[in-house]
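This report concerns a predicted model. Please consult the sequence and structure shown here alongside the text.

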Amino acid sequence: MPVYNIGICDDDKNMCCELESMLIDIFREFNVHVEIEPWYSGETLCKHLEMGNAFDFLFLDIELLTFNGVEVGKFIRESLNDIKTKIIFN
């Protein structure tokens, strides 16, 4: 059974929890195993990714406090040359 690694980055912890819950329900319905990691700032997420970690899907809040979701997406595509991660802006 495939396992999908999903990241959620939003400075609103309630939004992270809601999205995580919805994703778990959706993937469970299709009998797909997921591992979901929440992140609450773009900076810490980028540091995690720089260490060689990656996600299959990454949900990014556009309006993060300092390093916004668009900047994180640009960092992933340009600095890390990662074209495999599916980025969803929310």
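The sections below treat a surface patch, a salt bridge and the surroundings of one threonine.

## Nonpolar surface patch

In this predicted model, Met22, Ile26 and Phe30 make up a nonpolar patch on the surface, and their accessible area together is about 340 Å². Phe30 is located in the loop between α1 (13–29) and β2 (33–39). The relative accessible area of Phe30 is 59%; Phe30 is therefore classed as exposed, since the term applies over 50%.

## Salt bridge in helix α1

One salt bridge is found in a search of the whole structure. Asp25 forms a salt bridge with Arg28, with 3.6 Å between the closest N and O atoms. Both Asp25 and Arg28 belong to helix α1, where they are three residues apart, about one turn of the helix.

The two partners are classed by their accessibility.

Thr85 is placed in the loop between α3 (69–79) and β4 (86–89). Its relative accessibility is 5%, so Thr85 counts as buried, a class that covers values under 20%.

The side chain of Thr85 has a polar contact of 2.6 Å with the side chain of Asp82. A polar atom of the Thr85 side chain also lies 2.9 Å from the backbone oxygen of Phe55. When residues up to four places away in sequence are not counted, Thr85 touches Phe55, Asp56, Leu58 and Arg77.

Methods
Residues are numbered from 1 along each chain as its sequence is written. This is a predicted model: local features need pLDDT of at least 70, side-chain atom pairs count only at pLDDT 80 or more; totals for chains, interfaces and linings use all residues. Side-chain values use heavy atoms; hydrogens and water are left out. Patches are made of residues with over 30% relative accessible area and no salt bridge: like charges are joined within 9 Å, nonpolar side chains (Val, Leu, Ile, Met, Phe, Trp, Tyr) within 5 Å. Accessible areas come from the Shrake-Rupley method with a 1.4 Å probe; for residues, only the protein chains shown count as cover. A salt bridge is a side-chain nitrogen of Lys or Arg within 4 Å of a carboxyl oxygen of Asp or Glu. Helices (H or I, at least four residues) and strands (E, at least two) are DSSP runs, numbered from the N terminus. Buried means under 20% relative accessible area, exposed over 50%, partly exposed in between (1.4 Å probe, protein chains only). A polar contact is a pair of N or O atoms within 3.5 Å; within protein, one must be able to donate a hydrogen and the other to accept it, and residues adjacent in sequence count only if both atoms are side-chain atoms. Contact means heavy atoms within 4.5 Å.
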